[in-house]
Amino acid sequence: MATLLLAGTARAEVPPERQAELRRLLLHDCGSCHGLTMRGGLGKPLLPETLAGRSDEALAEVILQGVRGTPMPPWREELSAEEARWMVQTLRQGVSHAR
Amino acid sequence: MPGRRGLLGGLAAAALAAGRAEAMTAERGTGDLGLVVERASGSVQIVETTGRSALGRITGLGDLSHASAVFSRDGRYAFVFGRDGGLNKIDLLQGELNRRVLQAGNSIGGAISDDGRLVAVGNYEPGGVRVFDSVTLEPVEDIPAAYGPEGAARSKVVGLADIPGRGFAFSLYDADEVWTVALPEGGAPEIRRFRDAGRQPYDGFVTPDGRHYIAGLFGEDGLTRIDLWHPERGVQRVLPGYGRGEEPLPVFKMPHLRGWAVAGEQVFLPAIGRHELLVADRWDWTERGRVAVHGQPVFAVARPDGRQVWVNFAHPRNDVVQVVDTESLSVVHAFTLGRGVMHLEFTPRGEQAWISVRDINRVEVFDTRSLARIASLPAESPSGILLTARAGRIGF
């Protein structure tokens, strides 16, 4: 699916065993607000089309810093910048790939 | 009505112990039955709390992340509300999906009216409440959560609960409002709006006597209270400024509120962004104390006798359940159960606590006096555990 990524975007490097943890985090913890299928809930939808037009770096920054005044918390204590970028790229492929 | 055909008619019987299946072919009541939501696989298990076993699994229920359920007044049917807008009616005796409608794009939960005739669903998309006939699931009423100039905006609805008088109360997350609606048979809905009800209500509940509706607030320290006996008194605050101006911690999971917060003379409420339970007086709603706990509380559930409150916690501290003694307001026990303790439910008399542990794929059952584990049931990423005793309670 790498061809779906924006041209010029480097694939985030995350070891396979950590990827399994991040997938679980994505589905269950992100999913508790954004929906298991990422169609949204209290939080916004995180579908490939809703993320289109914003860079990996900008979206990773949202994950790391959170969004003030909303329930979106900062995840920087738990995720590195590289891992946050990996989360964004996984979301861009569609969440069925994360299962 | 007991079911003659037997519960396991069309179920995934292969997943079950053979002896249990035979036991379930007899006529039975539903008072000791319940559901375990398997959030990732879109299924529920039917369980019973006498032998503490699973009776069967029903699949094809859609996206069950954050799924909850209410029960028909005879305890035979469960209405399971899926995240994807699915409203599923499950026959607990036949062990099958009776009806399913996709009533919205994105939902958060529901309630059943005191007469058992109406099932209401709170929706994020489109924001509002939709009401259905509990027998047929035919639509009865559509209540858009419209707000702002000319009502052009639609708010996400949270904290939907039944209230006495064939009514429901709910909160508008985006509009900072609480609404009540009564739905008299054959008449027009009677909607009452409470504006300026506090910033970003995230959930709400009705006290077990049906008198007060309480909304928890994400956007400010405090809760909102409405006296349903005296709606003319408007919105009142509970525990305003409980954070004392300190910066809250990041909230990795929203707490949940229901009537289980009330334990005897006290109400136990999760603090947002703090490792604390807030304790309010049941009658004058002033602060009685605080309990320092392991993490940010998600569910704080009173044992039905009110002597203990069991608490689980938000990510990343979600592997623990603590037991709080309601007399001393101290933690008297802690269980470490595995990552992803999602929910807990007491049997109606409180002798058992059923706890779902997502990441080990188990439902653990504890004796609440000895605190010994008395059963452990396999389940796929279990979340909500909902027992039929809810059928007879206001606000459940």
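pLDDT is the predictor's confidence in each residue, on a scale from 0 to 100. Keep that in mind, because what you see here is a predicted model.

Let's start with chain A. Its average pLDDT is 87. Of its residues, 87% score at least 70. Look at the helices next. Confidence in chain A is lowest in helix H1, residues 16–34, with a mean of 91. It is highest in helix H3 of chain A, residues 56–65, at 97.

What does UniProt place at residues 20–89 of chain A? The record, an unreviewed entry, gives "domain: Cytochrome c". That span is 54% helix and 0% strand. Its end C-alpha atoms lie 15 Å apart.

Now chain B. The mean pLDDT of chain B is 92. Here 93% of the residues reach 70 or more. But watch residues 1–24 of chain B. Their pLDDT stays under 50. The model has 43 contacts for that stretch beyond four places in sequence. A word of caution applies.

On to the interface. Three residues stand out on the chain B side: B:Arg39, B:Phe252 and B:His315. Together they supply 24% of the area that chain B buries against chain A, more than any other three residues.

What about charge? Side chains of opposite charge can pair when their charged atoms come close. Between chain B and chain A there are two salt bridges. One of them joins B:Glu247 to A:Arg68. The closest N and O atoms of that pair are 3.4 Å apart. Polar contacts cross the interface too, in 10 residue pairs.

Last stop: salt bridges over all chains. The structure holds 29. Take B:Glu185 and B:Arg117, whose side chains meet at 3.2 Å, N to O. Where do these two residues of chain B lie? B:Glu185 is in the loop between strands E16 (177–182) and E17 (190–194) of chain B. B:Arg117 is in the loop between strands E8 (106–112) and E9 (118–125) of chain B. So the pair ties together parts that are 68 residues apart in sequence.

Conventions:
Residues numbered from 1 in each chain as written. Chains lettered and ligands numbered in written order. Predicted model: local features only at pLDDT ≥ 70, side-chain atom pairs only at ≥ 80, totals over all residues. Heavy atoms only, no water. Buried area = accessible area lost by both parts, 1.4 Å probe. Salt bridge = Lys/Arg side-chain N within 4 Å of Asp/Glu carboxyl O. Polar contact = N/O pair within 3.5 Å; in protein donor to acceptor, adjacent residues only side chain to side chain. UniProt positions renumbered as here; feature names shortened; annotations may be inferred. Helix = DSSP H or I, 4+ residues; strand = E, 2+ residues; numbered from the N terminus. Contact = heavy atoms within 4.5 Å.
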